[in-house]
Amino acid sequence: MSVRNALLGLLCQRSRYGYELLQAFQAVMGGRETWELKPAQVYTTLTRLKESGLIVEETVEGEEDVAKRCYAITPAGREELRRWFESPVKVEHQRDEFFLKLMLALATGQSDPRRLIYLQRTSLFQELHRLTALRMELDPYSSLAHILLLDQAIMHLEADLRWLDMIESRLDEVLKQPVPQPELRPRGRPPKQPKTSHSTST
């Protein structure tokens, strides 16, 4: 959905070619290091937007009379973009792959939970160092928006590191607790309840 609406937003500025959209997206997001978008994803998304009536395809004569496909937003596309701007972004923090990995390690005994924490912490520190170095290279007078985006990523990494410290400090308590199990329910249709007869007294 993000890429879909990003392309609509870029086309809302003006009509663009497919490759031009890719370059504009990367410029807005601060480069491929922040969000790498593949050309195939751009063209697949453009095809879907066209099928939905949100954009139209125009043929423009390019250099040496080579026809190029140019894309323009439709009124329906502008309305879709407006709805996206008016809707809050849903952040799903509870769908965390590391938490799933940790719970499966506890349930199966196939991996040491403390080692998982160590590996995850090492990876987070490496990413934190990379983003901090990247942030220091940016000029606040010309790249403030990108700096703010990096600040968000850095703050998330710092929060994840504090969360790992919390898990590690209470891991012994977690190990003493039973592994969550699904509630077993009988399969198939529920048994029929016997009919009750009502007697009338005279």
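Me: What makes the set around Leu7, Leu8 and Leu11 a nonpolar core?

Reply: In this predicted model, the largest nonpolar core has 19 residues, and those with the most contacts inside it are Leu7, Leu8, Leu11, Leu21, Val42, Leu46 and Ile55. The name applies because such a core is a set of buried nonpolar residues joined through side-chain atoms within 4.5 Å. At least two residues of this core come from each of helix 1 (2-13), helix 2 (18-29), helix 3 (39-51) and strand 3 (67-73), and the largest share, six residues, is that of helix 1.

Me: How do you know which residues Val42 touches, leaving aside those up to four places away in sequence?

Reply: Contact requires heavy atoms within 4.5 Å, and Val42 touches Leu7, Gly18, Leu21, Leu22 and Leu37 once residues up to four places away in sequence are not counted.

Me: Where is there a second core, and how many residues does it have?

Reply: A separate core of 17 residues includes Phe98, Leu124, Leu161 and Ile167.

Me: Why are the buried residues of helix 4 said to line one face of the helix?

Reply: Gly77, Glu80 and Leu81 are buried in helix 4 (residues 75-85), a term that calls for under 20% relative accessible area. Seen down the axis of helix 4, the buried residues fall within an arc of 100°, and therefore they line one face.

Me: What share of the residues in the protein is buried?

Reply: Under that cut-off of 20% relative accessible area, buried residues make up 26% of the 202 residues, while the protein exposes about 15,900 Å², 53% of which is supplied by carbon and sulfur atoms.

Key. Residues are numbered from 1 along each chain as its sequence is written. This is a predicted model: local features need pLDDT of at least 70, side-chain atom pairs count only at pLDDT 80 or more; totals for chains, interfaces and linings use all residues. Side-chain values use heavy atoms; hydrogens and water are left out. Buried means under 20% relative accessible area, exposed over 50%, partly exposed in between (1.4 Å probe, protein chains only). Accessible areas come from the Shrake-Rupley method with a 1.4 Å probe; for residues, only the protein chains shown count as cover. Helices (H or I, at least four residues) and strands (E, at least two) are DSSP runs, numbered from the N terminus. The arc is that of the directions from the helix axis to the C-beta atoms.
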